[in-house]
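These are my notebook entries on one protein structure. I set down in turn what I looked up and what I found.

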Amino acid sequence: MTIHNTLLATLFACSLAPLALAQTATTRQPGDPQRWYQEDSTAQAQLRTLRKEIAAALAEAKKACRSEPSATRTTCLRGAQDTYRQDMANAEKLREAAHPQ
């Protein structure tokens, strides 16, 4: 799977997080912060969370790129950074797709 596909899969999974959260709300673990179980209620909060998720996806992609052979590592890192920039530029559209109102 390419880095771009990995990032898209991560974003898709993150868009489903509220559904998963609803299903697991009764299985809280001791010590979990309360904020983990509160859905973002405003567009601004959703966008802030999405930007954090995009940044986390970039970090994961960079980590995966570092395990690649040196001949392809630079291309992989460049692709991950390009995907990050595209996702950040389209963050509002991604938020709207994940949280239709």
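**Entry 1: an arginine as starting point**

In which helix is Arg 95 found? I located Arg 95 in helix H5. I note at the outset that the model is predicted.

Next I looked up the contacts of Arg 95, leaving aside its neighbours within four places in sequence. The residues in contact with Arg 95 are Ala 43, Gln 46, Leu 47, Leu 50 and Gln 101.

For Asp 82 I noted a relative accessibility of 34%, so Asp 82 counts as partly exposed.

**Entry 2: the disulfide**

Which cysteines form a disulfide? I found Cys 65 paired with Cys 76, with 1.9 Å between their sulfur atoms. The count for the structure is one disulfide.

Why is the disulfide left-handed? I looked up the torsion about the S-S bond of Cys 65 and Cys 76; it is about -75 degrees, so the disulfide is left-handed. Cys 65 lies in helix H3 (residues 43–66) and Cys 76 in helix H4, so the pair ties together parts that are eleven residues apart in sequence. I recorded both Cys 65 and Cys 76 as buried.

**Entry 3: packing of H3 and H4**

I then turned to the two helices that carry these cysteines. At what angle do H3 and H4 pack? The angle is about 175 degrees, and the axes of H3 and H4 are 9 Å apart. Because angles over 145 degrees count as roughly antiparallel, I describe H3 and H4 as roughly antiparallel to each other.

I listed the residues that meet across this pair. From H3 they include Ile 54, Ala 55, Leu 58, Ala 61 and Cys 65. From H4 they include Cys 76, Leu 77, Ala 80, Tyr 84 and Met 88.

**Entry 4: the chain as a whole**

I counted five helices and zero strands in the protein chain. From the N terminus the elements run α-α-α-α-α.

What share of the 101 residues counts as buried? I noted 22%. Among contacts with a separation of 6 or more, 65% are between residues 24 or more positions apart.

**Entry 5: confidence**

Lastly I checked the pLDDT. The chain averages 81, and 74% of the residues score at least 70. Which element has the lowest mean pLDDT? I found it to be helix H2 (residues 17–24), at 52. Helix H4 (residues 70–89) has the highest, at 96. Where pLDDT is low, the predicted coordinates should not be read in detail.

Definitions and conventions:
Residues numbered from 1 in each chain as written. Predicted model: local features only at pLDDT ≥ 70, side-chain atom pairs only at ≥ 80, totals over all residues. Heavy atoms only, no water. pLDDT = per-residue confidence, 0-100. Helix = DSSP H or I, 4+ residues; strand = E, 2+ residues; numbered from the N terminus. Disulfide = S-S within 2.5 Å. Buried < 20%, exposed > 50% of the residue type's maximum accessible area, 1.4 Å probe, protein only. Contact = heavy atoms within 4.5 Å. Axes fitted to C-alpha atoms, helices over the stretch in contact; angles between N-to-C directions. Parallel < 35°, antiparallel > 145°, perpendicular 65-115°, else oblique.
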